[in-house]
Amino acid sequence: MQSRTCLITGANSGIGRITALELAKKGFNIIMLCRNLEKARPVRQEIKSVSKTGYVDLLWCDLASQSSVIQAAREVIDRFDRLDVLINNAGLYIEKEQYTPEGIELTFATNHLGPFLLTNLLIDLLRKGTNSRVITVSSEAHRWDRGFKIDELAKPQHYEGMKAYGASKLCNILFANELAERLADDGITSNSLHPGVVKTNFAQNYSNLKGLLFNLARPFFISPEEGARTGIYLASSPEVDKVTGLYFAKNRPKPPSDAAQSRFNATKLWTLSEQLTHLKKHQVTV
């Protein structure tokens, strides 16, 4: 039987690295999409050393840069004839307001627009896969955004790091839900997940109050191994072959916030994302 192929963004560290390691042990071919190749190369060798198939590929991609995402998608399309699992894992939190060359707030651009564009450009490869799955790593932080303002995602009037992060994680769920609706007839499932509060570098160097609280609570956070479990489950378990449009935590569906369940929000966000990424133009040219 042909090995299944899984692409993971941010596979060089944290739960992305553990997810790649464990899926390689299960017999998946792994494609690592990483921004820092220097850090990713030794991790690639680590994954190859435990891989059942011995196939671990590494491609450069900066999800904050739309041109980088388009180039990475082209490379994947050129090198592979199918894709069975796509895990949108990479993400960031930044304390101070920053913008991409396109003039888009960096957290939103990296955590939502990059995965949105990448996923859509790889849809045809997923259609050629078997029981294909798209898994988007969100967070319970999506509940932080109590006043979701879609028209301020790309350029907020008043920036706050935690609020921007929470909004981007809400976007992850809305995107996963809308994608599930749009791919319902293609046999491709789309789910989102909360990995748990994981011991990573998240908010470690930030001075605001929430950053301080995170650092105080850090000894009680779960390990990356525990945090990766739900993603590994969604990528590999036959129990979720046909399950789509749900938000998971600890391998079980969990109701997200009301805002995350809104079809109105999901449709409006999709339209905005298409506009900001010029998706229709790139779908033709890639």
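1. A strand, in this note, is a DSSP run of at least two residues marked E, numbered from the N terminus. In this predicted model, leucine 86 belongs to strand E4, which covers residues 85-88. Because buried means under 20% relative accessible area, leucine 86, at 0% relative accessibility, counts as buried.

2. Setting aside residues up to four places away in sequence, leucine 86 touches Leu7, Leu118, Thr119, Leu126, Arg133, Val134 and Ile135. Leucine 122 can be located relative to leucine 86 as well: the two are 36 residues apart in sequence, while their C-alpha atoms are 8.8 Å apart in space.

3. Turning to the aromatic rings, a search of the whole structure finds 6 aromatic pairs. In one of them, tyrosine 55 and phenylalanine 80 have ring centres 6.0 Å apart and planes at 85°, so this pair is edge-to-face. The pair links distant parts of the chain, since tyrosine 55 lies in the loop between helix H2 (37-50) and strand E3 (56-60), whereas phenylalanine 80 lies in the loop between helix H3 (66-79) and E4, 25 residues apart. Tyrosine 55 counts as partly exposed because its relative accessibility is 34%, while phenylalanine 80, at 12% relative accessibility, counts as buried.

4. Phenylalanine 175 and tryptophan 270 form a further aromatic pair, which is stacked, with 5.8 Å from centre to centre and 25° between the planes. This pair, too, links distant parts of the chain: phenylalanine 175 sits in helix H6 (residues 161-182) and tryptophan 270 in helix H10 (residues 263-277), 95 residues apart. Phenylalanine 175 has a relative accessibility of 2% and therefore counts as buried, and tryptophan 270 is likewise buried, with a relative accessible area of 5%.

5. Which residues do ring pairs link into a cluster? The cluster consists of Tyr93, Trp144 and Tyr165, linked by ring pairs.

Key: Residues are numbered from 1 along each chain as its sequence is written. This is a predicted model: local features need pLDDT of at least 70, side-chain atom pairs count only at pLDDT 80 or more; totals for chains, interfaces and linings use all residues. Side-chain values use heavy atoms; hydrogens and water are left out. Helices (H or I, at least four residues) and strands (E, at least two) are DSSP runs, numbered from the N terminus. Buried means under 20% relative accessible area, exposed over 50%, partly exposed in between (1.4 Å probe, protein chains only). Contact means heavy atoms within 4.5 Å. Rings of Phe, Tyr and Trp (its six-membered ring) pair if their centres lie within 6.5 Å; planes under 30 degrees apart count as stacked, over 60 as edge-to-face and the rest as tilted.
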